[in-house]
Amino acid sequence: MEYVLLAGVGVIAGLLGGLLGIGGSSVMLPAMVWILGAVKMVNGEPVEQIHQYMAAAMIVNFLLIIPSVIPHVRNKAVWMGVWKFMAPAALAGILLGVALGEQFKDGNRATYLRWAVGVFFIYVVLNNVRRLLAARKLAGLDRQAVEAMPAWRKVVVGFPMGIIAGLLGIGGGALAVPGQQVVLKVPLRNAIATSAATIATISWVGAIAKNLSLAAPYGSIPRSVLLAGCLAPTAMIGSYIGGHLTHKLPLKVVRIVFIALMCFATYKMFTKRPKPAPPASRPVATRTAPATSSAPSAPSLASPVGG
């Protein structure tokens with residue numbers, strides 16, 4: 001059942017990620033916490049799972065954003081003069097963010113990191129509510145005026161995007177889209193498209209760095225890849241549809257739905273639901289008994305595979 005639920009989550013994450021240019025972690029992270037539990041009992045001790053969920057989400061972010069970039073490029077919505085400065089800055093930021101995340105792996109620190117994700121989601125909710133209720137739209141400049149701006153202004157948007165993406169395991173678009181609108185005066189649809197192109201450029205680097213950082217202490221790469229494998233196929237389908245809808249639909253209704261989802265996501269990030277460890281196997285009897293064979297059962301996503 002977990003596999004089916006995660007596949008459904010992938011569709012929603014891809015659709016909203018492609019539509020809004022934010023990646024899909026805002027949906028995937030709380031969904032994994034909800035379905036699989038925020039912590040897992042291992043040898044009688046609670047172990048936070050947020051880093052494994054982040055590692056999986058970062059893999060999926062790269063895979064789901066690629067299909068959404070295709071319609072953005074076809075519609076000539078990606079502003080390359082912004083992207084060519086944002087992307088390198090974000091790349092440096094995401095590596096720094098993953099390194100900072102190393103300080104929040106054990107004990108209460110991992111819980112604090114999960115709460116930090118929740119706080120960031122609160123910011124996303126408030127920002128979207130503000131934009132929904134704004135009496136006027138943010139004025140956008142034309143492409144030539146934006147691309148003529150100093151490079152440091154584009155770096156100012158890209159570098160924090162990368163740090164947040166690496167530290168919290170998200171796409172970074174929730175910061176990059178409003179950042180482009182406020183700092184660079186990029187129109188909304190172009191900000192979404194350029195954000196998606198930047199995520200496609202940096203997310204694979206962050207995914208590799210994050211998963212490698214988990215390999216030594218936890219041996220958890222196999223589990224993060226398993227989770228990503230459940231989410232990615234449907235997320236890519238949803239992302240392709242979402243990328244097309246960005247240029248077809250008004251964003252007001254989508255923003256309302258997104259706000260509702262983010263409120264639920266925020267709640268789940270602050271809710272701790274331990275996932276129990278599987279029962280210990282029975283001791284082998286000492287008396288001689290005929291050998292029997294049985295087929296091994298498929299591992300559960302909540303079991304401590306690579307934990």
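# Burial, contacts and helices

Trainee: Is Lys-185 buried, partly exposed or exposed?
Mentor: Lys-185 has a relative accessibility of 35%. Buried means under 20% relative accessible area and exposed means over 50%, with partly exposed in between (1.4 Å probe, protein chains only). Because its value is 35%, Lys-185 counts as partly exposed.

Trainee: What pLDDT do local features need here?
Mentor: Residues are numbered from 1 along each chain as its sequence is written, and side-chain values use heavy atoms, with hydrogens and water left out. This is a predicted model, in which totals for chains, interfaces and linings use all residues, side-chain atom pairs count only at pLDDT 80 or more, and local features need a pLDDT of at least 70.

Trainee: What value does phi take at Lys-185?
Mentor: Lys-185 lies in the loop between helix 8 (173-184) and helix 9 (188-218), where helices (H or I, at least four residues) are DSSP runs numbered from the N terminus. Most residues other than glycine have a negative phi. Lys-185 is a residue other than glycine, yet its phi is positive, near 60 degrees.

Trainee: Which loop holds Lys-76?
Mentor: Lys-76 is not a glycine, although its phi is positive, at about 55 degrees. With 69% relative accessibility, Lys-76 counts as exposed. Its place is in the loop between helix 3 and helix 4 (80-101).

Trainee: What span is expected for helix 1?
Mentor: Helix 1 covers residues 2-20, which gives it 19 residues, and its buried residues include Leu-6, Val-9 and Leu-16. The expected span of a helix is 1.5 Å times one less than its number of residues. From its first C-alpha to its last, helix 1 reaches 27 Å, close to the expected value of 27 Å.

Trainee: How far apart are the C-alpha atoms of Pro-71 and Tyr-240?
Mentor: Pro-71 is found in helix 3 and, at 1% relative accessibility, counts as buried. Leaving out residues up to four places away in sequence, Pro-71 touches Tyr-240, Gly-243, His-244 and His-247, a contact being heavy atoms within 4.5 Å. Although Pro-71 and Tyr-240 are 169 residues apart along the chain, their C-alpha atoms are separated by 7.8 Å.

Trainee: What relative accessibility does His-51 have?
Mentor: His-51 is also placed in helix 3 (residues 50-74). Beyond its neighbours within four places in sequence, His-51 is in contact with residues including Phe-104, Leu-113 and Leu-214. His-51 counts as buried because its relative accessibility is 3%.

Trainee: What relative accessibility does Thr-198 have?
Mentor: Thr-198 is found in helix 9. Its contacts, apart from neighbours within four places in sequence, include Trp-83, Met-86 and Met-161. Thr-198 counts as buried because its relative accessibility is 0%.

Trainee: How many disulfides does the structure hold?
Mentor: Cys-230, at 12% relative accessibility, counts as buried, whereas Cys-263, at 42%, counts as partly exposed. A disulfide is a pair of cysteine sulfur atoms within 2.5 Å. The number of disulfides in the structure is 0.

Methods: Helix = DSSP H or I, 4+ residues; strand = E, 2+ residues; numbered from the N terminus.
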